[in-house]
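Open your viewer and get ready to click through this protein one selection at a time. At each stop, select the residues named and look at what surrounds them.

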Amino acid sequence: MVDTRVTLCGIELDNPVIPASGTFGYGAEFAALYDINCLGTFSFKGTTAEPRFGNPTPRIAECREGMLNSVGLQNPGVRHVLEHELPEMQAYFHKPVMANVSGFSVDEYVRVCALLDEQEQVGWLEVNISCPNVHNGGMAFGTVPEAAAEVTRAVKNAAKKPVIMKLSPNAADIVSVAKACEDAGADGVSLINTILGMRIDLKTRRPVLANRYGGMSGPAVFPVALRMVSQVASAVSIPVVGMGGVCCAEDVLEMIMAGAAAVEVGAANLADPYAAKKIVSALPGVMEKYKISSLNEIRGCAN
């Protein structure tokens with residue numbers, strides 16, 4: 001009998017499989033298809049202080065081995081989440097949930113995190129620092145170690161729940177950003193977010209996405225994500241949540257061997273709404289195949 005349990009920032013999960021923010025909504029649509037309590041947890045839709053309509057359409061583009069998105073953090077705002085999404089979630093999800101937070105200023109991150117931190121069902125705050133700092137020329141917080149540390153310190157001062165900083169692969173040195181977050185008090189880091197990409201329509205000779213560029217996700221980014229997870233896990237002592245192109249149980253094991261404490265599944269959920277469930281179901285068999293009795297025994301073994 002294999003043991004799929006993992007611990008993430010002091011909270012035990014039945015397994016390491018976590019649908020990633022932006023690919024699972026607030027869970028309701030997937031709960032209509034299967035019992036999502038089979039998951040370790042899930043990271044709900046990136047939430048900002050105010051409602052956001054998002055970017056103009058088209059904002060999704062297919063590409064070989066993946067997809068591009070430029071959704072633009074469309075969400076109903078934190079008040080709606082507090083008054084509707086979280087109370088309704090209690091009916092179909094009975095585990096701690098990961099609250100993903102986005103912001104365009106340090107103050108916005110702090111306000112949203114402080115409100116979500118008070119919610120009993122929220123187990124972790126996943127703070128997406130890939131957002132542009134509107135007070136500093138639009139540079140994403142996650143591309144500069146000092147800016148990442150500033151957000152981390154501010155959120156940690158406002159929250160009691162574990163804070164996981166979600167890192168951008170578009171940083172010049174993601175290891176330096178991760179270490180800056182750790183030094184500023186982060187309880188964990190998650191990576192990678194999407195890689196900036198582009199598609200062009202040969203008929204119109206114009207970019208496919210209305211916003212020109214978008215974040216690439218899917219199987220093509222997995223080797224890049226795995227390399228970054230390995231580098232960061234080797235450099236920090238806090239838990240690392242790995243993500244980026246994860247599509248199957250074998251990918252989950254690779255991520256854990258690279259040092260991940262848990263693994264998020266993103267674009268695969270959009271291609272197949274049962275993807276995360278299938279990975280959870282397949283994981284014990286794949287562990288047995290490779291003679292792995294516990295995930296803890298292989299964590300970071302490739303490093």
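Start by selecting Phe-44 in this predicted model. Leaving aside residues up to four places away in sequence, Phe-44 touches Ser-21, Gly-25, Tyr-26, Val-81, Leu-86, Met-89, Val-97, Met-98, Ala-99, Asn-100 and Leu-116.

What does Phe-44 belong to? The largest nonpolar core has 94 residues, and Phe-44 is among those with the most contacts inside it, along with Leu-8, Leu-116, Ile-129, Met-165, Leu-167 and Leu-191. In soluble globular proteins, nonpolar side chains tend to be buried together.

**Next stop: the aromatic rings**

How many aromatic pairs does a search of the whole structure find? It finds six. Select Phe-24 and Phe-42 to see one of them: the ring centres are 5.2 Å apart and the planes sit at 50°, so this pair is tilted. Phe-24 is in the loop between strand 3 (17-19) and helix 1 (28-31), while Phe-42 is in the loop between helix 1 and strand 4 (60-63), so the pair ties together parts that are 18 residues apart in sequence. Both of these residues, Phe-24 and Phe-42, are buried.

Phe-93 lies in the loop between helix 2 (78-89) and strand 6 (97-101), so its pairing with Phe-42, in the loop between helix 1 and strand 4, ties together parts that are 51 residues apart in sequence. Phe-42 and Phe-93 are both buried.

Arg-59 lies over the face of the Phe-53 ring, 6.0 Å from the ring centre.

**Next stop: helix 2**

Which residues of helix 2 are buried? They are Val-78, Val-81, Leu-82, Glu-85, Leu-86 and Met-89. These residues cover an arc of only 130° around the axis, which puts them on the same side of helix 2. Turn to the other side of helix 2, and you will find Arg-79 and Glu-83 exposed.

What do the buried residues of helix 2 pack against? Their partners are strand 6, helix 3 (106-117) and strand 7 (122-128).

**Last stop: two strands**

Finish with strand 7, which is mostly covered: seven of its seven residues are buried. Strand 6 and strand 7 pair in the parallel sense over five bridges. Select Val-101 and look for its bridge partner in strand 7, which is Val-127.

Notes:
Residues are numbered from 1 along each chain as its sequence is written. This is a predicted model: local features need pLDDT of at least 70, side-chain atom pairs count only at pLDDT 80 or more; totals for chains, interfaces and linings use all residues. Side-chain values use heavy atoms; hydrogens and water are left out. A nonpolar core is a set of buried Ala, Val, Leu, Ile, Met, Phe, Trp, Tyr and Cys residues joined through side-chain atoms within 4.5 Å. Buried means under 20% relative accessible area, exposed over 50%, partly exposed in between (1.4 Å probe, protein chains only). Contact means heavy atoms within 4.5 Å. Rings of Phe, Tyr and Trp (its six-membered ring) pair if their centres lie within 6.5 Å; planes under 30 degrees apart count as stacked, over 60 as edge-to-face and the rest as tilted. Helices (H or I, at least four residues) and strands (E, at least two) are DSSP runs, numbered from the N terminus. A charge sits over a ring if NZ of Lys or CZ of Arg is within 6 Å of the ring centre and within 35 degrees of the ring normal. The arc is that of the directions from the helix axis to the C-beta atoms. Two strands pair if DSSP finds at least two bridges between them.
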